Amino acid sequence: MTEELEQILSQLTQPDNAIIQQATAQLKQAFKDPAIIPGLCAVMSGSQNPQVLYTFYYFILWCVCEKNANLCKHLASNMQIRQSAAVMLRLRVKKHWKKISPNDRESLKAVVLQAFMQETEHTVQHSLSQLCAVMVKHETPDHWPALLQLLTQSTKSGNPHDRQVGLLLLNKVIESNPEPFKPHYCQLLQLLRSVLEDHNNPTALYYCILTLTAITAFTGTEEMHLMRSILPNLIVALKCLIKADENQASEAMEVFNELMESEVSIIVPHVADIVRFFLEVGSDTNLSDSLRVKALSCVTFLIKLKSKTVLKQKLLNPILQAIFPVLTAAPAPGEQDPEDEEDNSGDGTDNESPKHCAAQIIDTMALHMPPEKLFQQLMPLTQTCLASENPYQRKGGLMCLAVLAEGCADHIRTKMLKSVLQTVCQSLSDSSEVVRSAGLFALGQFSEHLQPEVSTYCSELMPLLLGYLSSLNQAKIGHVTKAFYALENFMENLGADIEPYLPTLMETMLSALNNTDNLKIKELAVSAIGAIANAAKELLVPYFTPVIESLKGFLTTTTEEMRSLQTQSLDTLSVLARTIGKDVFSPLAAECVQLGLNLTDTIDDPDLRRCTYSLYSAVSIVSPDCLTPHLTAITTVMLYALKSSEGVTAHLEEDKTFVLLDDDDDDNEEKDTEDFLEDDKETDIHDVAGFSVENAYIDEKEDACEALGEIAFNAGVAFQPFLESSFQQVYEMRDFPHEDVRRAAFGAMGQFCRAQHKVWKENPTEANHQALLKLLDIVVPCFLETVRTEPERHVVMGVLESMNSVIKSCKEVVFKNPSRLKEISHAIRDVLKKKTPCQDSGGDEVDDEDQQAEYDAMLQEFAGEGIPLVAASVPADNFFPFLNDLLPFIMNKAKSSCTVADRSFSVVAGRLSNRLLPVLVAGAKDSDPEVRNNSVFGLGCLAQAAGPIVVSDYPMMLSVFSNLLSKESDLRVIDNLCAALCRMIMSNVDAVPLEQVLPALVARLPLKEDQEENNTVFSCLAMLYTHSPALVQSKAHLHLFIFEDDQNISVALMQKFAQNHSADFQAAVTALPAEQRDSLSAAITAS
């Protein structure tokens, strides 16, 4: 083939279009033969005609422009053509590698390395290095010694340019296939460490750091020490690279994200230096915004993954001190911050900027740090900003309050809501519009996250918001949008309290729909009507007809400029369907379904489609029968949305224009199908540097999952023909890159299980039963595996919520598999013990049980809510061994020092009371002291957490305790009996016969083994001294003992004794040993 190919290539150099066209056709035909590759190698290595070496490039360019042979000749020696040739050859090699003979492979390897060494243009070297990388995927390094030799020589060369080229090649071949190089990692890391010290060769530094990034995920324990030792050099090298090329430095900084995500233990010893470097870059206004954003984003990622390390190494204050100047910086003269720009769109799109990243860091702190620790450092800085005369300082303070609302909701609601609301309301009359806008954003955030307490300020806030809205200049759409945002979020949660404001609100919104020409104002009004409907529900019935009449014109529009308004109208129509009442909406149900189908048939828009999915879901609640005739069409559209890669952009390593030759390969020739598919898949993945998905398509997939699950449940047996195909496609989304889609998929899987269970209950055939069991055998293990492996906390919350709903609906059927009870109980236990990947459980930090991020407590609450559901689904005897494991975690959450989320978690105990009491009473009589101890502890905490629910059981519980005290010999069990009695007294003192119980209690004091329960005992005695002082006074001499756990309580109690019963107190003190007497006297005197 070599002679024929050289002849064809030579013809392509002739100045005759007819000859060139004939040669082009011949070469296209030749390219269908896998022998083209060795033929090209032979020509490239053996041709005596230099012009022939470029004819391949001629052909490629000809395929692109197809117009001018002279242009081809003009660019024959252009490096872009040589680069394109390397790309084309790489594509052919990947596709036909298995069809190339061993001898020809060796020839190709030699030719490529020769071309690489001879090439002088960097971009062509880059393409040739990628060609080498493709071959390394097939030919491991050990089978290509010439490559290893070239890498060794070039990377260790004394010539800076040779080192650059060698590191380029090293980077590409390792990126393509890191694992085969694993035996060489230690040697490689030593090389990279030396390269990082070559500060005068920034290109070498760049490829060195990219190589380090590529191997990070594959390093083992042997390489850990070397990796750690490299980090100081890495920081210095990045500082040098920043001075040379900020774009390359930004890309190279990805190494830290990779280290944090895959081998975070490597960076922990150097985390202070790394954070300091990030903050230096993020704060430097002389650097590009993109580089500063990259550095600040790394801080955000570190806090998300290792918040405990950040706190332990006292980095919270340095981070805040560095980012506050960024957050409060004024824009350049004549400019505005992106969120304050008046573009008349008001679409709220986020522009990545250093200021945005600074706010994001605080947001992440709020989500991942204990509020007490965060607010102690943060609030002084915030208050200084709020008191400043600089409007951008005030804006920064308000933005800080706004982003705290989600992660620290309980803390703000219970400790500072009135003061922060007052601050925000005052900002709405600020002289600066940027401050007023920030105040509106903060009020919207508070309204969304600080419910229900914020709604109690309705009488103050609603008039303020309505007055503010009426005074706005509608020409300033961006500011109007923020005002509507605040109003919507506040209204949505008012419930019936919205009634006094309904006439004014609806008059305002209907007027905007009918009398305003501005489409954005109409869109905002339509959205607000949806928020009003969520609160008002049936109260909105008098306004339903005019609202529907207004929406109709928007819903059927065909113009592109009204698309956003049309989409919002669909969304509001869905809300009305769910809230206005079945009787009112049902007559429109069939028309709504047909509207949705018509829209998806005629308009290709992901936002519009997802709103039709929500509309179908809403109709399935109101009138499921209206959906039945259209389920085929509806599910087809939704499943296509889940399968579709529309909106996914593949970012290629380089221009793939020249795949025209490959496109011509799909004619009727015989192919090895298996090889073709395998190699093609590699081609796709290797050529892609990354993917991005437009948000609209992500939202569409999320809404499609949610809608399929809800429709499946509401439609019941009518959905059965579509259940399997829907489940299969939703199941595929469990690994989708975006966490919101994953969470929605898990929610839909739970809905499918509930739907199948409902069908089985309504029609209890064996086939329906087996279908349910089959579904559960796939879904429940999938849930449990996700809890064990998923790094995103809110995805795990969604999984636990979905699993709870399945257990609640399906009950004992979930546990048909004998291993299921153990697996679910252990998953719950792991979350309660903070041992899952999403709980920052790595490292050796000491965990402060009493202080954790509110969202961490919320995650545990989701897990805890599963306990009573499991207990209600299985026999008590079966559950007891697992319950015994879980009880300490449940009851610890009942402590008064815990957060609101923690204490609400302890309500689990109340819901468990009927199931727990028999089990715990039986456990208190067990022969094993550990079982007795846990059961007694559980009974006491159950009394404390469940409160009045278990008061009727007090006589029985006291009888059990009395019998146990009379014969118990284990000191720890006795201590917990005392603590349990104290918890019962504190929970309901009037239900305990103190005259009989108190003597038995104090007779066992002081506690001997479980000193942690001293606090419980002291608290009880202090309460009793207030309630029944005579009873306690008579026993004073028995409880004057060492008081280390809560000196405040015990000293206060002793002071009251000393003041009110001085003679008895002095006699008791005198009877104490000298050391205890001196300790007590010193403590009382000091207080």
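Aromatic pairs number 10 across the whole of this predicted model, where rings of Phe, Tyr and Trp (its six-membered ring) pair if their centres lie within 6.5 Å, with planes under 30 degrees apart counted as stacked, over 60 as edge-to-face and the rest as tilted. Phe-256 and Phe-278 make an edge-to-face pair, with 5.1 Å from centre to centre and 90 degrees between the planes. Because Phe-256 belongs to helix α15 (residues 254–262) and Phe-278 to helix α17 (residues 271–283), this pair ties together parts 22 residues apart in sequence. Helices here are DSSP runs (H or I, at least four residues), numbered from the N terminus. Phe-277 and Phe-278 form a tilted pair, at 6.0 Å centre to centre and 45 degrees between the planes.

The charged end of Arg-734 sits over the ring of Tyr-731, 3.9 Å from its centre, and Arg-754 lies over the face of Phe-713, 4.1 Å from the ring centre. A charge sits over a ring if NZ of Lys or CZ of Arg is within 6 Å of the ring centre and within 35 degrees of the ring normal.

Turning to helix α51 (residues 1014–1027), its 14 residues should span 20 Å at 1.5 Å a residue, which agrees with the 20 Å between its end C-alpha atoms; the expected span is 1.5 Å times one less than the number of residues. Buried residues of α51 include Val-1017, Phe-1018, Leu-1021 and Tyr-1025.

Residues are numbered from 1 along each chain as its sequence is written, and side-chain values use heavy atoms, leaving out hydrogens and water. In this predicted model, local features need pLDDT of at least 70 and side-chain atom pairs count only at pLDDT 80 or more, while totals for chains, interfaces and linings use all residues.

Definitions and conventions
Helix = DSSP H or I, 4+ residues; strand = E, 2+ residues; numbered from the N terminus. Buried < 20%, exposed > 50% of the residue type's maximum accessible area, 1.4 Å probe, protein only.
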